[in-house]
Structures are given as structure tokens and as C-alpha cells.
Amino acid sequence: MKILITGGCGFVGTNIALFLSKKKYKVQSLDNLSRKGSRYNLSLLKKNNIKNYNLDIAKYNKIKKLPKYDLIIDCCAEAAVEVSRKQIDKVINTNLTGTLNILKKVKKDNSKIIFLSSSRVYPINSLNKIIKNKNIKKTLSVNKMINEMENTQGAKSIYGLTKLTSEMFVEEFSYAFNVKYLINRCGVISGPLQFGKQDQGFVSLWIWSHINKIKLDYIGYGGYGNQIRDVLHINDLCELISIQIKKFNQINNKLFTVGGSKKSYTSLKNLTAICEKITKNKIKIGKKTKTSIYDIPYYITNNNYVSKTYKWKPKKNIYNVVKDTYIWLSNNKKNLKKYF
Ligand SMILES: NC(=O)c1ccc[n+]([C@@H]2O[C@H](COP(=O)([O-])OP(=O)(O)OC[C@H]3O[C@@H](n4cnc5c(N)ncnc54)[C@H](O)[C@@H]3O)[C@@H](O)[C@H]2O)c1
């Protein structure tokens, strides 16, 4: 089976590409290397004989000339929520026009698509309402878990809008042109090959900062670091996608919420404690009470539907995520410095 991975030099894309090529699929990548760190990941693809097409996903005249694939896994996006407020055109072109172009290509070649969506399709106000007090002084407990049926109406960031609209385009292409698809609506994903920054990839940033003794801040919700998110280990996602590919002909045209769920979640404060334990370093962490209008205090995925469908559930917890990422970062510290 021939597979194209868009965003194949990004964190998720590279991991999936390497994972699937070990399973003997013929994998290629499309990535314009715009993300810091993508050139490092490209070198790993090259070592594994995986070709990358250095193309802008927004240019259909280039996309349509690519070879024919059996399956396209769409992992290409400007993934930072904050960027979507500052560079609207860039985010629309990459995330929305990009997905549309991939759909046109899939339709033309009669191939299949797996689309990587995001928990950011849910409205910010609803997620804020889960937490009663804006200053979160105590560790939060996990009560609500979010599934496929949750309301998506309301402002969600322009990033979230592009992901929800892309999902809708996928469903429209399925309805009108019989394109077979799967959509994975993922919460935070983390692990090796992630080049984290403040507004995207906070787990990797936290570990890197501990390794290199760089000051961090708890931002928002009183600055106590008690906001919580689930974190899916990238290997667990790779395993799910591998099962999805194997069962694609029987199970398709479905949308799943996918995340670390109760198995793997953390507050920033707890993440600090894990980082201290693993790196044996303690760093200064400041307190900033104000946060971005796009920030959310809580997100935990309900995996029931995806678990029942594929008999899959995450195997790794937040400790495993930090440990595995730490091993990669510390072993390659010198080479990675320029990418953070
Ligand atoms: N990382 C997460 O926590 C997370 C959570 C939910 C959903 N997702 C989704 O998963 C997918 C992958 O995310 P990621 O974390 O690997 O992001 P990433 O930034 O690491 O990877 C995206 C890749 O796309 C490439 N790219 C960007 N614009 C491009 C363009 N115009 N043309 C071609 N290539 C371009 C970048 O160079 C980068 O390598 C995205 O669709 C994202 O929305 C990620």
C-alpha cells in the first residue's frame, strides 16, 4: 500500500511515517519545511529512504501532479492556535485550502484519507465553563470527559475553525464523491520529535527547559499551574492509525475523539514535578495571571467510541511521555539546540 503523509516532517507526521515504513508500507511525505525542527525530522526520513516533496500544500497545481497513493494521512497544519489570530491567511491557506487540495487529489485518484483534527473544534466558552473559578487554586479532578457528541458551535479560535471546517469538507467529499475517510479529533499529543513552543507542544518545551535550566511561567488561571490537559503519547496514536489502516475497508467514514484520556493527563504543576524527578533539575517558574483569549483551562478526552471500535486504548501515561521525550532530547541535546 502506498501512503502519502502530509506534514510528514512535522512531529506527528514524521512519527507516523517512520512507524508505518517499519510495517513495510511504502511511505512518502509532503512538507514545505516551514516548522522549526522539520529539517531535523527530514534527516530521519532520509535515513529511512522516505522521500519528501518540498511543496506548499496550498498550491493545487503542484499537489495534483504528485503520484497516486492508496491513502493520504493529512497531518499538515499550522498547528499553533496563537498564530491563527496573528496570521489568518497563512492558517486558512495551510489548514483549510490545504485539506481541500488533498481532498481534490484523493477524489481524482480514488484513494482514501485519514484526517488529523483537533479538540480545538470545541467552543472556548463551553470549556471555560467547566471550571467554576477562573483562579484555579487547587488541583482539578477529572469529572467531564469530552466525546464526539459535544457541541461545536461557538468561537473556538481561527485554528479550531479551520479544523472543524476541514472535517466538514471531508464529510462533504464523502457524501458527494464517495471519498472514504476517517477523522481523528485529537487532544494534546506529545513525545519524541516534537519541537515544543509556548503555544504548541508545551510538554516538550517543559522538558527541554528543565534539561537546559531555562525559566518558565505558569500562565493564566491565576498562575498556579493547575489547568489540566490529557496528553496522548505519539506511539499510542501511531498504533491506532496502524489498526485503522488495517481495518479501513470494514470501518470507515467515522469521526473519533482520541486522547490520553484518564490514562494520561496532567496539570502544569504536576508536569513540573515529573520533569524535576526525571531531569533531576529544578528551575524557576514564574506566575503570569493573564492569558490568551484562546487559552482553555481543561480538556480530557472520552475515548469510549474509538476504544470500542478498535479495541484500542492508550498504553502510555504522562510519566512515559515525559521519560521517552527526555531520552530523545537529552541524547540529542547538541543537535537540537538550534531548533528550540
Ligand atoms: N501536536 C498536537 O498536540 C496536536 C493535537 C491535535 C491535532 N493535531 C494535528 O495534527 C497535525 C500535525 O500536528 P503537529 O503537531 O505534527 O504539527 P507540526 O507543526 O509539528 O507539523 C506540521 C508540519 O506541516 C508543515 N507545513 C506547515 N505549513 C505547510 C504548508 N503550507 N505546506 C506544506 N507543509 C506545511 C510544517 O513544516 C510541519 O512540518 C495537525 O493537523 C494538527 O492540527 C496536533
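The model is predicted: local features need pLDDT of at least 70, side-chain atom pairs count only at pLDDT 80 or more, and totals for chains, interfaces and linings use all residues. Residues are numbered from 1 along each chain as its sequence is written, and side-chain values use heavy atoms, without hydrogens and water.

**Helix 1**
- Helix 1 covers residues 11–22, and its end C-alpha atoms are 17 Å apart.
- Lys 24, with a positive phi near 75 degrees, follows helix 1.

**Overall fold**
- The protein has 13 helices and 13 strands (DSSP runs: H or I of at least four residues, E of at least two, numbered from the N terminus).
- Its radius of gyration is 19 Å, close to the 20 Å of the globule rule for 340 residues, so the protein is as compact as a globular protein of that length (C-alpha atoms; 2.2 Å times the number of residues to the power 0.38).
- Of the 340 residues, 59% count as buried.
- Among contacts (heavy atoms within 4.5 Å) between residues at least 6 apart in sequence, 84% join residues at least 24 apart.

**Charge**
- The protein has 62 positive (Lys and Arg) and 21 negative (Asp and Glu) side chains.

Key
Buried means under 20% relative accessible area, exposed over 50%, partly exposed in between (1.4 Å probe, protein chains only). The place of a charge is taken as NZ of Lys, CZ of Arg, CG of Asp or CD of Glu. The expected span of a helix is 1.5 Å times one less than its number of residues.
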